[in-house]
Amino acid sequence: MNISPVDTNLDLVLKRELAVPPNLVWRGLTEPELLKQWFCPKPWGVSDCRIDLRPGGEFYTVMQDPEGNTFPNTGCFLDVIDQKRLVWTSVLVANYRPAPSAATSDKACAHIAMTAIITLEPISSGTRYTAHVMHNAPEQRKNHEDMGFHEGWGTTITQLEELLTRVKT
């Protein structure tokens with residue numbers, strides 16, 4: 001179901017089986033008030049979120065560290081297939097405009113150019129979740145992995161699953 005084959009020199013992949021149905025996972029990915037509760041590994045959080053759920057729509061989050069420092073992130077949705085696939089990129093902003101370059105003083109993660117392809121597949125126990133994250137250079141992939149991609153994204157998916165077990169359909 002990926003729209004692009006995995007290139008092990010450029011891409012990172014995280015797969016999980018979640019004990020919640022795809023419709024709830026979709027809500028967690030696309031409803032700002034839910035996304036704010038799981039999208040960063042705790043004790044970090046998301047203080048603001050805007051989702052314009054359409055190709056070319058804005059995907060905006062403000063991550064907040066435990067000291068209260070904020071880190072805005074703006075992206076663009078490329079593909080939206082209800083309850084099946086969500087694709088966004090950090091290299092574009094709303095309406096497919098090129099994103100401004102990160103400032104030298106920005107957090108390291110602001111310098112990572114990536115496109116995330118999230119696929120959801122129904123399985124008997126809930127949902128097979130796959131995050132395929134593409135980078136534009138091997139150094140970008142390595143930087144993202146070294147920053148803790150697997151641990152960080154894995155932690156947030158666990159937080160998403162825990163949140164969704166408490167959410168009504």
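How many salt bridges does the structure hold? I looked this up and noted nine, a salt bridge being a side-chain nitrogen of Lys or Arg within 4 Å of a carboxyl oxygen of Asp or Glu.

I kept in mind that this is a predicted model, in which local features need pLDDT of at least 70 and side-chain atom pairs count only at pLDDT 80 or more, while totals for chains, interfaces and linings use all residues. Residues are numbered from 1 along each chain as its sequence is written, and side-chain values use heavy atoms, with hydrogens and water left out.

I turned to Arg128 and found that it forms a salt bridge with Glu17, the closest N and O atoms being 3.5 Å apart. Arg128 lies in strand S9 and Glu17 in strand S1, so the pair ties together parts that are 111 residues apart in sequence; strands (E, at least two residues) and helices (H or I, at least four) are DSSP runs, numbered from the N terminus.

Next I looked at helix H3, residues 138–146, where I noted Gln140, Arg141 and His144 as buried, meaning under 20% relative accessible area, with exposed over 50% and partly exposed in between (1.4 Å probe, protein chains only). On the other side of H3, I found Glu139 and Asp146 exposed.

I also noted a salt bridge between Lys142 and Asp146, with 2.6 Å between the closest N and O atoms; both residues lie in H3, four residues apart, about one turn of the helix. Lys142 counts as partly exposed at 47% relative accessibility, whereas Asp146, at 52%, counts as exposed.
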